[in-house]
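Colleague: I have the sequence and the coordinates open side by side. Could you walk me through them?

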Amino acid sequence: MYLGTLPGLDGAAELTLSKTSDTLVIADGTIVPDSLRGMGVGQQLVERLIADARSAGQRVVPLCPFVRAQAMRHKEEWADVIQF
């Protein structure tokens with residue numbers, strides 16, 4: 001699980017994962033509270049997931065609609081990590 005907060009604001013955004021093997025994880029869901037919406041916190045969580053997966057040699061299945069939308073926007077850039 002990844003958590004994201006912003007100083008001075010209540011709440012934490014989270015990105016949940018399921019690990020299916022040493023090389024494959026599923027991005028299950030992203031929740032961003034109203035207090036953090038529109039501030040890029042969800043995007044930062046996805047970018048961190050991608051960076052961590054890349055460095056660990058893992059692939060990510062974007063089951064979460066938010067992660068899938070971000071993966072579609074960065075299709076070429078993240079092609080080595082995302083598994084549709």
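Colleague: Is Ile-50 buried or exposed?

Modeller: Bearing in mind that this is a predicted model, Ile-50 is buried, because its relative accessible area is 2%, and the cut-off for that label is under 20%. The residue is found in helix H1.

Colleague: And what is Ile-50 in contact with, leaving aside its neighbours within four places in sequence?

Modeller: With those neighbours set aside, Ile-50 is in contact with Trp-78, Val-81 and Ile-82. The C-alpha atoms of Ile-50 and Asp-80 are separated by 9.7 Å, although these two residues are 30 residues apart along the chain.

Colleague: Which other residues of H1 are buried?

Modeller: Besides Ile-50, the buried residues in H1 include Val-41, Gly-42, Gln-43, Leu-45, Val-46, Leu-49 and Ala-53. As for what covers the buried residues of H1, this includes strand S1 (2-4), strand S2 (13-21), strand S3 (24-31), strand S4 (59-62) and H2.

Colleague: Does the spacing of a helix say anything here, and why would residues three or four places apart point the same way?

Modeller: An α-helix has 3.6 residues a turn, so residues three or four places apart point the same way.

Colleague: OK, over to the packing: at what angle do H1 and H2 pack?

Modeller: Helix H1 (residues 41-56) and helix H2 (residues 65-73) pack at an angle of about 75 degrees, and their axes are 10 Å apart. That makes H1 roughly perpendicular to H2, because angles of 65 to 115 degrees count as such.

Colleague: Which residues meet there?

Modeller: From H1 there are Gly-42, Gln-43 and Val-46, which meet Phe-66, Val-67 and Gln-70 in H2. The residues of this contact divide into three nonpolar, three polar and no charged.

Colleague: What does the side chain of Gln-43 make polar contacts with?

Modeller: The side chain of Gln-43 makes a polar contact with the side chain of Glu-47 at 2.8 Å, and also with the side chain of Gln-70 at 3.4 Å. Not counting residues up to four places away in sequence, Gln-43 touches Phe-66, Gln-70, His-74 and Trp-78. Gln-43 counts as buried because its relative accessibility is 18%.

Colleague: Last topic, the length of H1: how far apart are its end C-alpha atoms?

Modeller: The end C-alpha atoms of H1 are 23 Å apart, which agrees with the 22 Å that its 16 residues should span at 1.5 Å a residue. Just after H1, Gly-57 takes a positive phi of about 70 degrees.

Technical notes: Residues are numbered from 1 along each chain as its sequence is written. This is a predicted model: local features need pLDDT of at least 70, side-chain atom pairs count only at pLDDT 80 or more; totals for chains, interfaces and linings use all residues. Side-chain values use heavy atoms; hydrogens and water are left out. Axes are lines fitted to C-alpha atoms, for helices over the stretch in contact, and angles run from 0 to 180 degrees between N-to-C directions. Helices (H or I, at least four residues) and strands (E, at least two) are DSSP runs, numbered from the N terminus. Angles under 35 degrees count as roughly parallel, over 145 as roughly antiparallel, 65 to 115 as roughly perpendicular and the rest as oblique. Contact means heavy atoms within 4.5 Å. Ala, Val, Leu, Ile, Met, Phe, Trp, Tyr, Cys and Pro count as nonpolar, Asp, Glu, Lys and Arg as charged, and the others, Gly among them, as polar. Buried means under 20% relative accessible area, exposed over 50%, partly exposed in between (1.4 Å probe, protein chains only). A polar contact is a pair of N or O atoms within 3.5 Å; within protein, one must be able to donate a hydrogen and the other to accept it, and residues adjacent in sequence count only if both atoms are side-chain atoms. The expected span of a helix is 1.5 Å times one less than its number of residues.
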